[in-house]
Amino acid sequence: MYTQGLDIKPGDKAIPLETGTSEAERRFQGRIDRDERIEPKDWMPAGYRKTLIRQISQHAHSEVVGMLPEGNWIARAPTLRRKAVLLAKVQDEAGHGLYLYGAAETLGVSRAELVEQLLSGKAKYSSIFNYPTTTWADIGAIGWLVDGAAIMNQIPLCRCSYGPYARAMIRICKEESFHQRQGYEIMLALSRGSDEQRAMAQDALDRWWWPSLMMFGPSDKESAHSAQSMRWGIKRISNDDLRQKFVDVTVPQARYLGLVVPDPDLAWNEARGHYDFGPIDWEELKQVISGNGPCNKARMKARRDAHAEGAWVREAALAHAEKRRARALRKAG
Ligand code: BYC
């Protein structure tokens, strides 16, 4: 693969790893400031490469772990149509994981290493996937709120300074938009249904609202990476600004459904032109990120078991590829 030329090993001098020359960094920042895209073979500061590998791989892991809470409902979807739609959505998430692992590989890290980081617990994935999906309405709430938050965060990433990540995000955002609408449509059907169905939709909103706001990450004041990532054009809009946009867009959608956002402090602020909302429980986010959310252990166990059970598939695929390669060599020779 063309990325192999970019593999970085400790002490490798082929690519300037540390700060490089200040002139190189200055030229690099100039390219970012002119809104040029950085491509895999271009010079980049080691910190830029490291930040991208961290963010893109965490994003890829989130897509793959994110299949679990929804996959839980494929066999229990209420109709054949709902089942087909959910199946397609969950498959899309696997595809997103693949594009993103592919984008990360262009930075000189292998997919096997990244998967190992996830399975060993070293790498993070989105906090949101550590909450349980206890009713069918949760599938609606995930599509509406979680995919809605994902789009809000990911549209600016389509303009990220790193070309392969930006291009992967374009397709992902198109698919997320379908995901968001299918979730909203589930919520609409439930909120126009029986009292019991309406109550189920409200209960799902009550449980998913605050974790969805936490998806955007810590407040700007507490965000360790934001300032540098903004300077490098990796992040275009801050965690707090994206969170605010999400609230502003989502509250009227909840009203249209006839559901109540579980926040007594929520109020339109005419002067700001935004909704004010109540304080976020940052301690909860901290706990979930550090492995103490309601489902962290179950999610990691499911991923590790799936990886172990898939070992024979990886071996068979490698053996098949080797056979084809040997046959092609024999034919050529
Ligand atoms: N959960 O300095 P900060 C999806 C970590 S997939 C866990 O603000 P940054 C979907 C952060 O990583 C959704 N960890 O960081 C899939 C950092 O830790 P380290 C995933 C979080 O990177 C399937 C530390 O806290 N989307 O939508 O500048 C089905 C400090 O934070 C979280 C993406 O990954 C969190 N919520 O900003 C349906 C989008 N928040 O590495 C839907 C790409 C923060 O220092 N990622 N942390 O140990 C991003 O845009 C950014 O990485 C973030 C965080 C906004 C998430």
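Colleague: Is Asp35 buried, partly exposed or exposed?

Modeller: This is a predicted model, so every value here is computed from it. Exposed means over 50% relative accessible area, buried means under 20%, and partly exposed lies in between. Asp35 has 40% relative accessibility, so it counts as partly exposed. Asp35 sits in the loop between α1 (22–33) and α2 (46–65).

Colleague: What is the phi of Asp35?

Modeller: Start with the general idea. Most residues other than glycine have a negative phi. Asp35 has a positive value, near 65°.

Colleague: Where is Glu175, and what does it touch?

Modeller: Glu175 is in helix α7, which spans residues 163–191. Its relative accessibility is 16%, so Glu175 counts as buried. Leave aside residues up to four places away in sequence, and Glu175 touches Asp92, His96 and Tyr99.

Colleague: Which residues are in contact with Trp208?

Modeller: Skip the neighbours within four places in sequence. Trp208 is then in contact with Ile128, Tyr131, Pro132, Thr133, Asp138, Ala141, Ile142, Leu145 and Val146.

Colleague: Which residue forms a salt bridge with Glu185?

Modeller: Arg82 does, with the closest N and O atoms 2.8 Å apart. Glu185 lies in helix α7 and Arg82 in helix α4, so this pair ties together parts that are 103 residues apart in sequence. Glu185 is partly exposed, at 32% relative accessibility. Arg82 is buried, with a relative accessible area of 14%.

Colleague: What separates Asp195 and Arg198 in helix α8?

Modeller: They are 3 residues apart in helix α8, so about one helical turn lies between them. Asp195 and Arg198 form a salt bridge, and their closest N and O atoms are 2.5 Å apart. Asp195 counts as exposed, at 59%. Arg198 is partly exposed, at 33%. Salt bridges can also link up: Arg31, Arg34, Glu36 and Asp42 form a network of them.

Colleague: Which residues come nearest to the ligand?

Modeller: There are 32 residues around the ligand, and Gln58, Lys124, Ser223, His225 and Lys235 come nearest. Now look at single atoms. A side-chain N or O atom of Lys235 is 2.6 Å from an oxygen atom of the ligand. A polar side-chain atom of Ser223 is 2.7 Å from a ligand oxygen atom. Met214 uses its backbone: an N or O atom there lies 3.4 Å from a nitrogen atom of the ligand.

Colleague: How much of the ligand's accessible area does the protein cover?

Modeller: On its own, the ligand has 1000 Å² of accessible area, and the protein covers 90% of that.

Terms used. Residues numbered from 1 in each chain as written. Predicted model: local features only at pLDDT ≥ 70, side-chain atom pairs only at ≥ 80, totals over all residues. Heavy atoms only, no water. Helix = DSSP H or I, 4+ residues; strand = E, 2+ residues; numbered from the N terminus. Buried < 20%, exposed > 50% of the residue type's maximum accessible area, 1.4 Å probe, protein only. Contact = heavy atoms within 4.5 Å. Near = heavy atom within 4 Å. Polar contact = N/O pair within 3.5 Å; in protein donor to acceptor, adjacent residues only side chain to side chain. Areas by Shrake-Rupley, 256 points an atom, 1.4 Å probe, with all protein chains shown as cover. Salt bridge = Lys/Arg side-chain N within 4 Å of Asp/Glu carboxyl O.
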